Amino acid sequence: MIRNGHGEAGGAERPGPGGRRAVRVWCDGCYDMVHYGHSNQLRQARAMGDHLIVGVHTDEEIAKHKGPPVFTQEERYKMVQAIKWVDEVVPAAPYVTTLETLDKYSCDFCVHGNDITLTVDGRDTYEEVKQAGRYRECKRTQGVSTTDLVGRMLLVTKAHHSSQEMSSEYREYADSFGKCPGGRNPWTGVSQFLQTSQKIIQFASGKEPQPGETVIYVAGAFDLFHIGHVDFLEKVHGLAERPYVIAGLHFDQEVNHYKGKNYPIMNLHERTLSVLACRYVSEVVIGAPYSVTAELLDHFKVDLVCHGKTEIVPDKDGSDPYEEPKRRGIFCQIDSGNDLTTDLIVQRIIKNRLEYEARNQKKEAKELAFLEAMRQQEARPERESDCDF
């Protein structure tokens, strides 16, 4: 079990209001391709109690019931651990949620979104806890799903931002390779997520820097927020005894300028919620300037500016976007020890999808062959009886 402590890593469990026993809440899932929809589910679950425990399934269990995950179980454990509403993570949680599991971790009830989760043999994974009255439901976040994000990644093309038409060959590839189970093409052009000020308030800490805190500024796309970002932000957070980390998120068109193709996969509003959900981030600048200016540094009273080991692309005028913090002697490059990028995630997605398609084609071919053999076997006695007359 990995203990977090609400808001800051390593905190101890606290009693509920008025000294009453803390209400312990259980959530579980694959948490593959973690996005702000998952974070919002965990935020809602945490609001139902005082202590949130999240069980994460193993790669083996996920492969058995749903197909191979994109991220390894160790990566998924750490991603969930980094969500600020999570108090504890339970690795290798069983795929079917039972009363035994809830009792083992002293949880009063479990929480899941208002969608159905089935085992490989079609059983409701929450049937037992539902019947016992120890199940609560929360609202799914509209406009985002893992399927939708996978669809966007499978269509990494600059046409999304430049209004170029996709070729007929690419459109055919898109229609056959990137469709959701219900037949809707996930190529959305614009995200279906509708941002509101209330949602930002729910995700934001609302805390300003306090005297004695070190204000650290980082900037980037933070697209498809992943374990590479988490490792970087954790390293940045550990640079000071009392850190206040501000993440500057670039506008979509700015990201597309230096990344190209169909980037960013998530729009600015989606990326904002993803980063706000991280326990290592205190504040987000929505639509930060690409170059870290003197005005920005002075406004936020920045003590340190950090960047990872990824390439620093010059600004449109050819200048170094970190020229000012370097001049002030407050620039620092951080090696997170993780070389994962959004591009590599896209490659993983395509590899998994190809393997999934190939496996399904083999399965369908076997089923068709079996049905054809059964049809021929059923037809044979009729032909033999016809010959007798």
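1. A nonpolar core here is a set of buried Ala, Val, Leu, Ile, Met, Phe, Trp, Tyr and Cys residues joined through side-chain atoms within 4.5 Å. Buried means under 20% relative accessible area, exposed means over 50%, and partly exposed is in between (1.4 Å probe, protein chains only). With that in hand, the largest nonpolar core has 62 residues, and Val54, Met153, Val218 and Leu233 touch the most other members. Helix α10 (residues 227–237) gives this core its largest share, 5 residues. At least three residues come from each of domain 1 (24–138) and domain 2 (197–333); the domain bounds are from an automatic or database domain assignment.

2. Before going on, some housekeeping. This is a predicted model, where local features need pLDDT of at least 70 and side-chain atom pairs count only at pLDDT 80 or more, while totals for chains, interfaces and linings use all residues. Residues are numbered from 1 along each chain as its sequence is written, and side-chain values use heavy atoms, with hydrogens and water left out.

3. Now the whole chain. The protein chain has 15 helices and 11 strands, taken as DSSP runs numbered from the N terminus (helices H or I, at least four residues; strands E, at least two). Of its 389 residues, 49% count as buried. Contact means heavy atoms within 4.5 Å; among contacts with a separation of 6 or more, 78% are between residues 24 or more positions apart. The chain exposes about 19,900 Å², with 51% supplied by carbon and sulfur atoms (Shrake-Rupley method, 1.4 Å probe).

4. Back to Leu233. Neighbours within four places in sequence aside, Leu233 is in contact with Val218, Phe222, Phe225, Val245, Cys278, Tyr280 and Val281. There is also a second, separate core of 14 residues, including Val215, Ile246, Val285 and Val292.

5. Helix α6 (residues 146–154) is worth a look: 7 of its 9 residues are buried.

6. On to the rings. There are 6 aromatic pairs in the structure. Rings of Phe, Tyr and Trp (its six-membered ring) pair if their centres lie within 6.5 Å; planes under 30 degrees apart count as stacked, over 60 as edge-to-face and the rest as tilted. Tyr258 and Tyr290 make a tilted pair, because their planes are at 35°, with the ring centres 5.2 Å apart. Tyr258 belongs to helix α11 (residues 252–259), and Tyr290, 32 residues apart from it, to the loop between β9 (283–286) and α13 (294–300), so the pair links distant parts of the chain. Tyr258 is partly exposed at 21% relative accessible area, whereas Tyr290 counts as buried at 12%.

7. Tyr322 and Phe331 also form a tilted pair, with centres 5.1 Å apart and planes at 45°. Tyr322 is buried at 5% relative accessibility; Phe331 is partly exposed at 21%. Phe331 has a charge over its ring as well: the charged end of Lys326 sits 5.1 Å from the ring centre. Lys130 does likewise over the ring of Tyr135, 4.9 Å from its centre. (A charge sits over a ring if NZ of Lys or CZ of Arg is within 6 Å of the ring centre and within 35 degrees of the ring normal.)

8. Last, a loop residue. Lys207 lies between α9 (197–203) and β7 (214–220) and is exposed, with a relative accessible area of 61%. The C-alpha atoms of Lys207 and Ser282 are separated by 7.4 Å, although the two are 75 residues apart along the chain.
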